[in-house]
Amino acid sequence: MVDVGLFIAYILIGVCVLAAVGMPLSKAIGDPESLKKMGIGVGGVLVVFLISFFISSGENSGEVSETTAKLVGAGLTTFYILAIGAIAGIVYTEIKKAAE
């Protein structure tokens, strides 16, 4: 019974991912300017991840391979960079609104 539930959950997750990616993409196809902005955003995140991947050490402390350890380190570093950027953006916006 659990296997059937997991199978159905995987199918629903796949449908949700397709909807979450497909809906904005289908709307963006009609507007090339928004497609360009979306590409710049995805490219920026990819650049941050690649920089994080190259600066991560890849030291493993268990039964994982060096590549897996490097990917985990890159993911964590990417998260930290993007989280700090988001917080800095929020603080900047609030300070700018308060100064007006």
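Student: Which residues form a nonpolar patch on the surface?
Tutor: The patch is made of V2, L6, Y10, I13, V17, V21, L25, I29, L35, M38 and V42, and together they have about 1,000 Å² of accessible area. Patches take residues with over 30% relative accessible area and no salt bridge, joining like charges within 9 Å and nonpolar side chains (Val, Leu, Ile, Met, Phe, Trp, Tyr) within 5 Å. The areas come from the Shrake-Rupley method with a 1.4 Å probe, and for residues only the protein chains shown count as cover.

Student: Before I go on, what am I looking at, and how are residues numbered?
Tutor: This is a predicted model, where local features need pLDDT of at least 70, side-chain atom pairs count only at pLDDT 80 or more, and totals for chains, interfaces and linings use all residues. Residues are numbered from 1 along each chain as its sequence is written, and side-chain values use heavy atoms, leaving out hydrogens and water.

Student: Back to the patch: which helix gives the largest share?
Tutor: That's α1, with 8 residues. Helix α1 covers 2-29, and both α1 and α2 supply at least two residues each. Helices here are DSSP runs (H or I, at least four residues; strands are E, at least two), numbered from the N terminus.

Student: And V2, buried or exposed?
Tutor: V2, which is in α1, is exposed, at 61% relative accessible area. The cut-offs are under 20% for buried, over 50% for exposed, and partly exposed in between (1.4 Å probe, protein chains only).

Student: New topic. How far apart are the end C-alpha atoms of α3?
Tutor: They're 49 Å apart.

Student: Which residues of α3 are buried?
Tutor: A69, K70, A74 and T78. Their cover includes α2, residues 32-55.

Student: What does S52 touch, leaving aside its neighbours within four places in sequence?
Tutor: S52 is in contact with A74, T77, T78 and I81, where contact means heavy atoms within 4.5 Å. S52 sits in α2 and counts as buried because its relative accessibility is 0%. The side chains of S52 and T78 are also joined by a polar contact of 3.2 Å. A polar contact is a pair of N or O atoms within 3.5 Å; within protein, one must be able to donate a hydrogen and the other to accept it, and residues adjacent in sequence count only if both atoms are side-chain atoms.

Student: How many salt bridges does the structure hold?
Tutor: It holds 1. The side chains of K97 and E94 form a salt bridge at 3.7 Å, N to O. The term means a side-chain nitrogen of Lys or Arg within 4 Å of a carboxyl oxygen of Asp or Glu.

Student: Where do K97 and E94 sit relative to each other in the helix?
Tutor: They're 3 residues apart in α3, so about one helical turn separates them. An α-helix has 3.6 residues a turn, so residues three or four places apart point the same way. K97 is exposed at 52%, while E94 is partly exposed at 43%.

How values were computed. Expected span 1.5 Å × (residues − 1).
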